[in-house]
Amino acid sequence: MKLQTRYNYVNLATTIVVLLITGVIYYQAISWILTRQKDKDLKVEEQEVFEYVGLNHHLPQIFESNDQQITFTEAKPGSIQREFINTDYFKKWGKDDRHKNHRHKGAGEYESGRGLISSVTVGDKYYKILIVESKVETEDLIRLIFTITIGVILLLLLVLLITNRFILNRLWKPFYNIMKELRLFNIADSREIPKVTTAIDEFDELNLVVVDMAAKAKHDYKDLKTFTENASHELMTPIAVINSKLDTLIQTENFSERQSKLLNDLYSAVSRLNRLNQSLLLLVKIENRLLHERKQINLRALVEEMITQFEEIFHDKELKVTYQLEDKEIYASPYLTEVLLSNLISNAIRHNYKSGEIVIGLNAESLVVKNTGNDDELNGEKIFARFHKSSGSEGSGLGLTISKQICENFGFSLKYSFEGVYHTFRVEF
Amino acid sequence: MKILIIEDEEGLRESIEEYFTGDGNVCETAATYPTALSKINMYRYDCILLDITLPGGSGMDILKTLKANNHPDGVLILSAKNSLDDRLDGLNLGADDYLVKPFHLSELKARVSAIIRRKTFDGSNLLLFNELTIDLLAKEVKVGSTLVKLTRKEYSLLLYFIANKGKVVSKNAIAEHLWGDGIDMANNFDFIYSHIKNLRKKLMEAGCRDYIQAAYGMGYKFTDQ
């Protein structure tokens, strides 16, 4: 969710809640004030009745009025408590309300009203006075005031939202610019993130931090590259010496069978050490994205070439190789793609049994290398871990780790599954 | 052939020198940048084996000096850096080949022979070895006047053997030469055997002497002695 949207949501939610609360308070306040006003009117009316009774010693004549009704009822002396009540006001239809009269049965309708119950003694008789006034006008007034207020507030809110939108968009512009720069940032290339000055301190600071960070990352990356190269050089040189000494040693002739066996073992150990070192360096390079050369590659041609390359080895192990290849172009590093294919195919050979099967499939979605081998399913998580090896494997234990890294580097995924008798590795593009 | 070995690692330098000396080859060595620089300015070589990281300077600068003075010496870069940038830099500067450490001496010898063959190209593309005639352009092999049909790998193997004649070449080295070091089928070189068997059979059927000898189960030796 965008910050602005989120901000607007929160803003809207709080405004609405506050508005509702204010509305309720406002309504209560106005209605309290207006009710007090009504009560005052009622008291005046009561006073008039008292004065009339005091002067004339009989009950006043009851006049029909549009918004006031007074009734007198005889009651038991002392039974009436003086109180204000909310009650219904029965409004009779007037003459000009004739059209209403047609539509509604009855002589009028009930409206909400306010009443005052009081008592008066006329001679020896005790009367209950009920004065009721219609509250319709009051409520209409409240409604009107309330509506206008809500309207104004809503308008204000709308205006705020619109201005916020424009202002925020403008305010956040430097932020998006910095983001764009960051997205373009490539640790390996020489382009720097430009320093920009904005009117906002926070963004200036962010820009500064980003520029610093990028410079530091580039510096560290360069260090790392140097380290990788140095490590490579330092390790490769002694291995090269051992290798060349072995090559020289075998020229000296006259070896016993035991000696040649020892020499052979030395050779394979050195070549394993060499491959292990190469693999480690390759892994470091891939993980640090040091190999970023990319080309359009015809994967089908490359797979076919690989299969030809491995032909002797397939033949030697009497493996039955079947393949079905469709055209597929990928945009990737040719070197790494070759390493990936070579790793997958060598694994399919290495973990196969004599006269086993290898099935290679390529289509627009995926590249699949299946092989027969051990009957047990492999642990799909562990096999991609560094130095995870099946017992007796001659490999470096890095092959699948490298393969997975290469796939991730290109945005592909590498998955293992066990399908029937086939151990299946699937590269999904 | 006169060869200059510029390499700071003593062990490696000595092995290379020993492997290359003899059979009409003369080797000189240089262990530091200044020695190397003075040697290339004073003498001409058929091929210079050039290490990149040297005490006192970079091998790349030696290469630049050579090219700036239009010296025709063949240059093979020996580097521990298996990085594409370095390889391209080296080849762009005019090096003839680039070999990554560690390497087999037989591989180095084969590469150097190829460079020298190209440099001393004198109108004929023929490589002669007793009754064997190899047309390097047409990639044809003849025994006397009989054409021998070899596969790509067998042809490459034969050239490799001739470049390393008289030397024991290990199975490891042969495997890496033919399949590259990407294919690591350690301890399983049976498939090399079948290639050698076929090559031998084809050559002998065409009337060639049997030059390929197995050497103590470690490798093979191509020799006319």
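## Basis and confidence

Residues are numbered from 1 along each chain as its sequence is written, while chains are lettered from A and ligands numbered from 1 in the order in which they are written. As the model is predicted, local features need pLDDT of at least 70 and side-chain atom pairs count only at pLDDT 80 or more, whereas totals for chains, interfaces and linings use all residues.

The model scores ipTM 0.88 and pTM 0.63. Where pLDDT is low, the predicted coordinates should not be read in detail.

## Chain B in outline

Chain B has eight helices and 14 strands; these are DSSP runs numbered from the N terminus, helices being H or I of at least four residues and strands E of at least two. Of the 225 residues in chain B, 40% are buried. A residue is buried if 20 or more other C-beta atoms lie within 10 Å of its own, exposed if 12 or fewer, and partly exposed in between, with C-beta atoms placed from the backbone.

Two residues are in contact if their C-beta atoms, placed from the backbone, lie within 7 Å. Among contacts in chain B between residues at least 6 apart in sequence, 58% join residues at least 24 apart.

## The interface between the chains

On the two sides of the interface, 34 residues of chain B are in contact with 37 residues of chain A. In chain B, α1 (10-20), α5 (105-119), β12 (168-170), α7 (171-179) and α8 (190-205) each supply at least two residues of the side that touches chain A. The largest share of that side, six residues, comes from α1(B).

By type, the residues of the side of chain B that touches chain A comprise 16 nonpolar, eleven polar and seven charged. Here Ala, Val, Leu, Ile, Met, Phe, Trp, Tyr, Cys and Pro count as nonpolar, Asp, Glu, Lys and Arg as charged, and the others, Gly among them, as polar.

## The nonpolar cores

A nonpolar core is a set of buried Ala, Val, Leu, Ile, Met, Phe, Trp, Tyr and Cys residues joined through C-beta atoms within 7 Å. The largest has 37 residues, and those with the most contacts inside it are Ile6(B), Cys47(B), Ile48(B), Leu49(B), Leu50(B) and Leu76(B). Elements that each supply at least two residues of this core include α4 (201-249) of chain A and, in chain B, β1, β3 (47-51) and β6 (74-79). Its largest share, five residues, comes from α5(B). Another core, of 30 residues, lies apart from it and includes Leu159(B), Tyr160(B), Phe161(B) and Cys208(B).

Strand β3(B) is largely enclosed by the rest of the structure, because five of its five residues are buried. Cys47(B), Leu49(B) and Asp51(B) lie on one side of β3(B), and Ile48(B) and Leu50(B) on the other. Two strands pair if DSSP finds at least two bridges between them. β3(B) pairs in the parallel sense with β1(B) over four bridges and with β6(B) over five bridges. Ile3(B) stands opposite Cys47(B), and Val75(B) in β6(B) is the bridge partner of Ile48(B).

## A helix of chain A

In helix α6 (residues 299-309) of chain A, Leu299(A), Val303(A) and Met306(A) are buried. They lie on the same side of α6(A), because they cover an arc of only 60° around the axis, the arc being that of the directions from the helix axis to the C-beta atoms. The face turned away from the buried side of α6(A) carries the exposed residues Glu305(A) and Thr308(A).

## Backbone details

Most residues other than glycine have a negative phi, and most peptide bonds are trans. A cis peptide bond joins Lys101(B) and Pro102(B), with omega about -5°; Pro102(B) lies in the loop between β7 (97-100) and α5 of chain B.

Phi of Glu318(A) has a positive value, near 55°. Glu318(A) is in the loop between α7 (311-316) and β6 (320-325) of chain A, and is exposed, with 11 other C-beta atoms within 10 Å. Phi of Lys139(B) is likewise positive, near 55°. Lys139(B) lies in the loop between β9 (132-135) and β10 (140-143) of chain B and is partly exposed, with 13 other C-beta atoms within 10 Å.
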